[in-house]
Amino acid sequence: MVEIPRMKSGENLKRIMDQNYLDGHVQAQAGKFVVWIAIGVPIELLRGFDIVIAVPENHAAMCAARAMGPLLAEKAESAGYSMDLCSYARIDLGTVFARGKDSPSRGLPGPHLLISDNNHCSHLVKWFDVHHREMKIPHFILDVPFCYEPQKAKDLNYIISQYQDLVSFIQDRTGQKFDIDKVREAIVHTREGITQWKRFLTFAAHRPSGITAFDSFLHMAPYITSYRGTQTLVEHYTQLADEVEGRVASGMFPVPNEKYRLFWDNIAPWHQLNRMSARLADFQANIIYAYYTAVMGSLEGDIDMYPFDEADSFVTLARIQNGTLCPYGLELRVKAMSKAIERLGVDGIVFSSNRSCKPYSLMQLDIQKRLSSRFGIPSVMIDVDHADARKYNEAQALMRIEALLEMIDGRRQC
Ligand code: SF4
């Protein structure tokens with residue numbers, strides 16, 4: 001078999017992500033104000049200040065992808081935190097308790113302010129509250145209504161009023177003047193970056209697919225770290241989409257003999273990306289698309305891009321709060337997944353029931369039933385923990401995926 005050369009955008013990803021963690025530490029040491037945020041907090045808004053932004057969830061995912069998840073989670077468990085808590089929280093708390101020891105990036109720079117939002121899960125707010133108590137720093141909670149349906153005007157205005165409070169709060173704390181032009185510029189960068197991201201994802205529709213969902217899991221990182229709203233985001237996603245386009249044009253595909261086109265639901269299994277994609281390729285199967293990465297830059301049951309409008313920046317940012325990577329209303333998830341299934345020609349669905357993210361996983365049985373009755377395509381439920389490899393049984397998961405492939409074969413023979 002001809003070896004497919006490694007993607008240059010993969011090398012660029014590693015370079016910019018290493019740089020991101022390093023820059024955070026360097027700027028913090030130089031005295032910059034540091035803010036830790038949850039992934040749903042709109043970074044573009046914070047670009048109105050000259051501050052360091054760090055995202056504990058992304059750091060936890062990076063630790064898990066580099067096989068350090070269990071070691072760091074154990075540090076939180078030995079301090080009394082239950083193994084039933086989300087592994088992102090345990091990895092982050094363990095990293096802080098150990099002062100960055102065993103983290104590939106030496107943890108994150110120490111924060112002056114925490115900002116969370118509660119439309120993902122209440123657990124996240126409690127987790128940030130631990131830091132608030134231990135570090136004795138403020139915790140600003142954006143109270144964002146859960147996304148069950150298209151956003152109501154009163155909810156939009158409620159979120160905007162909290163953005164205004166947040167801006168005043170940061171101005172008071174830092175002594176800096178808020179610069180709205182920088183926020184607008186950041187929204188333009190996000191729009192251009194997400195345009196390229198969506199272009200990259202379109203290559204999943206090609207037969208064989210030009211991408212794997214595992215590529216999309218890896219490359220979402222710049223969007224959910226402090227590269228969101230920057231020119232680096234635009235350049236990286238342009239390079240990624242261009243490179244995949246060039247590969248498809250020259251007949252280079254991740255699974256050239258693709259026989260099974262699968263769709264993934266739930267957060268990435270960070271500790272299994274290479275192993276799982278390689279094992280699937282042995283079966284001539286490719287997970288071509290993931291709901292988790294398809295909804296980046298979309299909202300309310302869509303996988304197409306939300307038109308980020310820099311002219312009305314607070315409204316744009318409050319609207320995009322109604323599109324989330326994690327828990328989301330059942331009807332909207334069914335709608336977005338249906339659109340992907342229709343568009344991509346999917347043979348089967350892998351529902352990954354996530355032992356950490358219960359709010360994400362709770363609705364999966366209902367979603368499975370609805371998609372099955374609508375499209376009649378086979379699906380399986382496998383047990384995964386996105387960041388704690390101790391809660392994952394590879395043999396059991398692969399056995400179920402093999403059963404899915406057999407169901408697809410059976411359906412083809414009918
Ligand atoms: S992964 Fe799930 S459980 Fe963990 S913080 Fe995010 S939304 Fe909450």
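## Before we start

This is a predicted model, where local features need pLDDT of at least 70 and side-chain atom pairs count only at pLDDT 80 or more, while totals for chains, interfaces and linings use all residues. Residues are numbered from 1 along each chain, as its sequence is written.

Helices (H or I, at least four residues) and strands (E, at least two) are DSSP runs, numbered from the N terminus.

## Helix 14 meets helix 16

Back to that pair: helix 14 covers residues 330–344 and helix 16 covers residues 364–375, and they pack at about 40° with their axes 10 Å apart. That makes helix 14 oblique to helix 16. Here, under 35 degrees is roughly parallel, over 145 roughly antiparallel, 65 to 115 roughly perpendicular, and the rest oblique. Axes are lines fitted to C-alpha atoms, for helices over the stretch in contact, with angles from 0 to 180 degrees between N-to-C directions.

From helix 14, Leu 330, Arg 333, Val 334, Met 337, Ser 338 and Ile 341 meet Asp 366, Ile 367, Arg 370, Leu 371, Arg 374 and Phe 375 of helix 16. Contact is a matter of C-beta atoms, placed from the backbone, lying within 7 Å.

## The sheet under helix 16

Helix 16 also lies across strand 5 (260–265), strand 7 and strand 8, and runs at about 160° to strand 8. There is an open sheet of four strands here, in the order 6-5-7-8, with parallel pairing. Its edges are strand 6 (285–290) and strand 8 (379–384), each pairing on one side only. From one strand to the next, the twist averages 30°.

Strand 7 (residues 348–354) runs parallel to strand 8 and is joined to it by six bridges; DSSP has to find at least two for strands to pair. Val 350 stands opposite Val 380 in strand 8.

## A helix tucked inside

Now for helix 5 (residues 87–97): ten of its eleven residues are buried, so it is largely enclosed by the rest of the structure. Buried means 20 or more other C-beta atoms within 10 Å of a residue's own, exposed means 12 or fewer, and partly exposed is in between, with C-beta atoms placed from the backbone. The buried residues of helix 5 pack against helix 3 (56–65), helix 4 (69–77) and helix 6. Just after helix 5, Arg 99 takes a positive phi of about 55°.

Helix 6 (residues 122–135) holds Arg 133. With 9 C-beta neighbours inside 10 Å, Arg 133 counts as exposed.

Note on methods. Two residues are in contact if their C-beta atoms, placed from the backbone, lie within 7 Å.
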